[in-house]
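Subject: The structure we talked about

Hello,

Here is the structure I promised to pass on to you. Please have it open while you read, and my notes on what turned up follow below.

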Amino acid sequence: MEKIKACMTALHEAAPEIEVMADEPMRRHTTFAIGGPADLFVVPKTPEQLTKALRVIRDCGLPPLLLGNGSNMLVSDAGYRGAVVCMTEMDGVRAVEDGRLIAQAGALLGRVSRRAQRAGLTGAEFAGGIPGSVGGAVFMNAGAYDGQMASIVEKTEYLDGEGEMHTLVGEEHCFGYRTSAFRTHPEWTVVRTTMRLQPGDPAAILDKMNDLAQRRRDKQPLNFPSAGSTFKRPEGYFAGRLIEDAGLKGMTVGGAQVSEKHAGFLINRGGATCDDMLRLIELVQQRVREQFGVELECEVRIVR
């Protein structure tokens with residue numbers, strides 16, 4: 001507790017404009033609506049504030065946890081013993097010359113796709129319904145409907161563990177299925193990303209975005225808290241089909257449930273705890289392993 005108080009004081013002294021809260025419930029900041037309190041919850045609004053905040057937090061010996069929209073994160077019921085750095089106020093998006101779009105790490109993907117559409121740029125339509133932010137999307141190479149961040153990201157500016165700014169360009173991102181160089185370097189922090197898109201007709205782009213949105217509404221349980229697809233796609237299979245064929249649709253553990261609409265989604269039916277969700281994840285993995293010999297890998301980041 002003394003370390004937390006000392007860190008709060010140091011943050012206020014280094015950058016009094018940064019919002020800092022203690023014991024902030026993480027369920028308010030994850031799309032699962034699950035998670036206990038974070039010791040510190042820090043909200044920088046600019047890259048300069050972010051740099052100061054990370055330097056102070058690390059100097060205080062606290063582990064920082066970078067948070068965007070919390071759409072791919074399951075946080076322990078006990079919360080997080082460290083400092084959560086929330087990027088949602090760093091959400092600038094702007095179109096520049098030659099079909100490029102520059103977005104800060106906290107910008108929601110829906111906002112990115114809408115800005116691209118208004119600028120008459122195509123290529124980001126797939127991202128419109130993904131509930132994450134740019135930083136997390138680059139971190140995990142988020143994708144949907146045959147599109148992925150790897151296909152549009154040109155370069156990414158990031159802070160290393162010492163607070164120094166660097167840039168990755170093209171193949172230096174090491175994108176793969178739901179992975180990137182940032183997964184192998186968790187001490188790096190995405191600050192902003194430049195995406196290269198193509199000229200297109202705004203009306204046609206909007207039609208495609210609306211079509212994808214309708215497909216999501218038809219197939220996905222958007223009316224319940226979830227983290228999207230809970231498991232990575234196993235090679236040669238679809239996770240949702242395996243789970244459904246294992247007879248697990250509608251299976252519940254406490255307030256956690258395998259969605260009756262789409263078995264690839266594990267949802268919070270109301271009041272689910274992290275323990276409920278973890279037990280359900282393990283149950284699904286066990287049943288699919290026993291029946292089909294396939295190992296389902298969790299796509300959701302579990303924070304204990």
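This is a predicted model: local features need pLDDT of at least 70, side-chain atom pairs count only at pLDDT 80 or more; totals for chains, interfaces and linings use all residues.

Leaving aside residues up to four places away in sequence, Q285 touches F231, L296 and C298. Q285 is found in helix α8, and with a relative accessibility of 14% Q285 counts as buried.

The side chains of K232 and E297 form a salt bridge, with 3.1 Å from N to O. This pair brings together distant parts of the chain, 65 residues apart: K232 lies in the loop between β15 (226-229) and α7 (239-245), and E297 lies in the loop between α8 (274-292) and β19 (301-303). Is K232 buried or exposed? K232 has a relative accessible area of 16%, so the residue is buried.

How many salt bridges does the structure hold? The count is 16. As background, side chains of opposite charge can pair when their charged atoms come close. Another one to find is the salt bridge between the side chains of R100 and E154, at 2.7 Å from N to O. R100 belongs to strand β7 (residues 100-104) and E154 to strand β11 (residues 153-159), so this pair too links distant parts of the chain, 54 residues apart. R100 counts as buried at 19% relative accessibility, while E154, at 22%, counts as partly exposed; the cut-off for buried is under 20%.

Next, a pair of helices. Helix α3 (residues 109-118) packs with helix α6 (residues 202-219) at an angle of about 155 degrees, and their axes are 8 Å apart. Angles over 145 degrees count as roughly antiparallel, and α3 and α6 are therefore roughly antiparallel to each other. On the α3 side the contact is made by S113, R114 and Q117, and on the α6 side by P202, I205, L206 and M209. Sorted by class, the contact has four nonpolar residues, two polar ones and one charged one.

Finally, the cysteines. A disulfide is a covalent bond between the sulfur atoms of two cysteines. How many disulfides are there in this model? The count comes to zero, taking a disulfide as a pair of cysteine sulfur atoms within 2.5 Å. Take C86 as an example: the closest cysteine sulfur to its own is that of C7, 16 Å away, which is too far for a bond. C86 is also buried, with a relative accessible area of 4%.

Enjoy looking around, and write back with any questions.

Best wishes

How values were computed. Residues are numbered from 1 along each chain as its sequence is written. Side-chain values use heavy atoms; hydrogens and water are left out. Axes are lines fitted to C-alpha atoms, for helices over the stretch in contact, and angles run from 0 to 180 degrees between N-to-C directions. Helices (H or I, at least four residues) and strands (E, at least two) are DSSP runs, numbered from the N terminus. Angles under 35 degrees count as roughly parallel, over 145 as roughly antiparallel, 65 to 115 as roughly perpendicular and the rest as oblique. Contact means heavy atoms within 4.5 Å. Ala, Val, Leu, Ile, Met, Phe, Trp, Tyr, Cys and Pro count as nonpolar, Asp, Glu, Lys and Arg as charged, and the others, Gly among them, as polar. A salt bridge is a side-chain nitrogen of Lys or Arg within 4 Å of a carboxyl oxygen of Asp or Glu. Buried means under 20% relative accessible area, exposed over 50%, partly exposed in between (1.4 Å probe, protein chains only).
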